[in-house]
Amino acid sequence: MKKQLRGRKLVIWWGVALVVCAGAAIAAGWLKPRLLDSAQKRLAVSEMYYEYKQKFPDVIDIRPEEAIQLLGEGNVIFVDDREPKERAVSTIPGAISADDLREHPEQYSGKTLIVYCTISYRSGKLAEEYGPKYGLVMKNMIGGILGWVHAGGPIVDPSGRPVLRVHVYGPTWDLAPDGYETVW
């Protein structure tokens, strides 16, 4: 009887510990509950971006809605600062890779570059370094590709076909709008 009681207490103790750890992980942002609607996800993207923005305060921001308009006018070059495996899922139509920019920065002199990544932390660091170094006009898109899809911007696969699939880097950034398939 004592052994059974001790076993039950141990199971209860481990259950409580698991719940407490999961709650702490969610509060710390390590885990995201899947119960957010699109509006809450969009707000979370914005909050994360402005938290990251503190690390590159001098970089010029651009709202995704403005970037969508510029795409339609053809007056801008998008620079995707994500890894090849992320870009292989989807990208903004016509975007070049950050590697292309790094290899030939002189080709983009005098042009407006809009840089992005998943949520625009990596791209903010890119703009902070490369803009001044090469005299480039670089604007960091608020919320990255997640901000873009929340604003209704199109994304395409490597063949140029429109898709509703986006690489979100990891579970913390699993904040795409409803209707999108996310991978990491």
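**Ground rules**

I note that this is a predicted model, in which local features need pLDDT of at least 70 and side-chain atom pairs count only at pLDDT 80 or more, while totals for chains, interfaces and linings use all residues. Residues are numbered from 1 along each chain as its sequence is written, and side-chain values use heavy atoms, with hydrogens and water left out.

**Confidence**

I checked pLDDT, the predictor's confidence in each residue from 0 to 100, and found that the protein chain averages 88, with 82% of the residues scoring at least 70. Over residues 15-23 the pLDDT falls below 50, and this stretch has one contact in the model beyond near neighbours in sequence, a contact being heavy atoms within 4.5 Å.

**Chain overview**

I counted elements as DSSP runs numbered from the N terminus, with helices being H or I of at least four residues and strands E of at least two. The protein chain has seven helices and seven strands, and along the sequence they follow the pattern α-α-β-α-β-α-β-α-β-α-β-α-β-β. Of the 184 residues in the protein chain, 42% are buried. Among contacts with a separation of 6 or more, 67% are between residues 24 or more positions apart.

**The sheet**

I then traced the open sheet, whose five strands stand in the order S1-S5-S4-S2-S3 with parallel pairing; two strands pair if DSSP finds at least two bridges between them. The edge strands are S1 and S3 (96-97), each of which pairs on one side only. S2 (residues 77-80) pairs with S3 in the parallel sense over two bridges, and the partner of Val79 in S3 is Ile96.

Next I looked at what packs on the sheet. Helix H3 (residues 64-73) touches S1, S2, S4 and S5, and its direction makes about 75 degrees with that of S1. Helix H6 packs on the sheet as well, touching S2, S4 and S5, with its direction at about 170 degrees to that of S5. For these angles, axes are lines fitted to C-alpha atoms, for helices over the stretch in contact, and the angles run from 0 to 180 degrees between N-to-C directions.

Turning to S5 (residues 137-141), I found it paired in the parallel sense with S1 (residues 60-62) over three bridges, while four bridges join S5 to S4 (residues 112-116), again running parallel. Asn140 in S5 is the bridge partner of Asp61 and is also the bridge partner of Val115.

S4, H6 (residues 122-134) and S5 make a right-handed β-α-β unit; right-handed here means that, with the strands pointing away from the viewer, the path from the first strand over the helix to the second runs clockwise.

**Back to Thr91**

Which side chains make polar contacts with that of Thr91? I located Thr91 in the loop between helix H4 (84-87) and S3, and its side chain makes a polar contact of 2.9 Å with the side chain of Asp80 and another of 2.7 Å with that of Tyr116. A polar contact is a pair of N or O atoms within 3.5 Å; within protein, one must be able to donate a hydrogen and the other to accept it, and residues adjacent in sequence count only if both atoms are side-chain atoms. Leaving aside neighbours within four places in sequence, the contacts of Thr91 include Arg82, Ile145, Pro154, Ile155 and Val156.

**Positive phi values**

Ser120 sits in the loop between S4 and H6 and is buried, with a relative accessible area of 0%. Tyr169, also not a glycine, has a positive phi of about 75 degrees; Tyr169 lies in the loop between S6 (165-167) and S7 (181-183) and counts as partly exposed at 44% relative accessibility.

**Asp178**

My last entry concerns Asp178, which is in the loop between S6 and S7 and is partly exposed, with a relative accessible area of 49%. Leaving aside neighbours within four places in sequence, Asp178 is in contact with Leu36, Asp37, Ser38 and Lys41.

Methods. Buried means under 20% relative accessible area, exposed over 50%, partly exposed in between (1.4 Å probe, protein chains only).
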